[in-house]
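Biologist: I have a model open and want to learn how to read it. Where should I begin?

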Amino acid sequence: MSWRRKIVFCFCCLLWAFPVMGQSPADSGQAKAMVKKLSRQPEIHQVTIGFDFGRILFNNLFPSRKGYEMQVDYNWSDNLYFAAETGWGRGKIDYAFLKYTTKGTFIRLGVNKTLLGRLGPNDFDNAFIGVRYGMGFGHMSDAAFSVSSPFGGSSDGEVPGQNYFVHWGELVGGLKVGFWHNLYAGWTVRGKFLFNPGTFGNLSPNYIPGFGKGDKNTIFDFNFYLSYGIQWRQSK
């Protein structure tokens, strides 16, 4: 390499080095912070509030029991949701040989684990499995009964009413799909397992809101929800 080419090469190296040497550590840190800030995307959270319209169908199919249920869930992370469900209801037995009524409320708490990955920050469609812990509080009225005798006549009596508390566990699975402006439709299937079946003596409630028939220790149930999602953005 000739001495002229060496001079040109050294001059170009100096021109490249001066801007780098002139940049302070503070300027470099600010540049990195700006790049990091621009790369952040706001995180979208959603609380979904729903009503079980399937319960209305059951109310018409089984007029001796009326129940109403609603649910709320929140996306704690991309694959984990907290869920809370509550409701109320009543039952009525009005036979010639047995008459009594029941009423009560319930609450269920649990989590859902998603089975589908989110396609974007606004994607809250969900197939899931989960668990619940349920608690029911209610009252069963005095029950009047009449037992026919094979020798003629009948024997009448009364079973005293009682307040009750029951609790149970659930395994759930379901699907929730958005269809229009933060509105969602979905269904849930449940296996329910009563923890304290000895609460009732000779007569169990015909309907425990949130659980089902009081004389069963294991019950399978179904819900059909219409829900609305409330969203907000939060910086990561």
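Modeller: Begin with the nonpolar core. In soluble globular proteins, nonpolar side chains tend to be buried together. This is a predicted model.

Biologist: Which residues make up the largest nonpolar core?

Modeller: There are 9 residues in all: Phe106, Tyr164, Val166, Trp168, Leu194, Phe200, Ile208, Phe211 and Ile219. Strand 8 (residues 162-180) gives the largest share of this core, 3 residues.

Biologist: Now a helix. How do I read its sides?

Modeller: An α-helix has 3.6 residues a turn, so residues three or four places apart point the same way. Now take helix 3, residues 54-61. Its buried residues are Gly54, Arg55 and Asn59. They cover an arc of only 145° around the axis, which puts them on the same side of helix 3.

Biologist: Which exposed residues does the face turned away from the buried side carry?

Modeller: That face of helix 3 carries Leu57, Asn60 and Leu61.

Biologist: And what do the buried residues of helix 3 pack against?

Modeller: Three strands: strand 1 (43-52), strand 2 (65-75) and strand 10 (218-234).

Biologist: What lies 3.4 Å from a polar atom of the Asn206 side chain?

Modeller: The backbone oxygen of Ser64. Leaving out residues up to four places away in sequence, Asn206 also touches Gly91, Lys92, Ile93, Tyr100, Thr102, Gly212, Lys213 and Gly214.

Biologist: Zoom out. How many helices and strands does the protein chain have?

Modeller: The protein chain has 3 helices and 10 strands. From the N terminus, the order is α-α-β-α-β-β-β-β-β-β-β-β-β.

Biologist: What percentage of the 236 residues is buried?

Modeller: Buried residues make up 34%. The accessible surface comes to about 14,700 Å², and 66% of that belongs to carbon and sulfur atoms.

Biologist: How far apart in sequence are the contacts?

Modeller: Take contacts with a separation of 6 or more: residues 24 or more positions apart account for 65% of them.

Methods
Residues are numbered from 1 along each chain as its sequence is written. This is a predicted model: local features need pLDDT of at least 70, side-chain atom pairs count only at pLDDT 80 or more; totals for chains, interfaces and linings use all residues. Side-chain values use heavy atoms; hydrogens and water are left out. Buried means under 20% relative accessible area, exposed over 50%, partly exposed in between (1.4 Å probe, protein chains only). Helices (H or I, at least four residues) and strands (E, at least two) are DSSP runs, numbered from the N terminus. The arc is that of the directions from the helix axis to the C-beta atoms. Contact means heavy atoms within 4.5 Å. A nonpolar core is a set of buried Ala, Val, Leu, Ile, Met, Phe, Trp, Tyr and Cys residues joined through side-chain atoms within 4.5 Å. Accessible areas come from the Shrake-Rupley method with a 1.4 Å probe; for residues, only the protein chains shown count as cover. A polar contact is a pair of N or O atoms within 3.5 Å; within protein, one must be able to donate a hydrogen and the other to accept it, and residues adjacent in sequence count only if both atoms are side-chain atoms.
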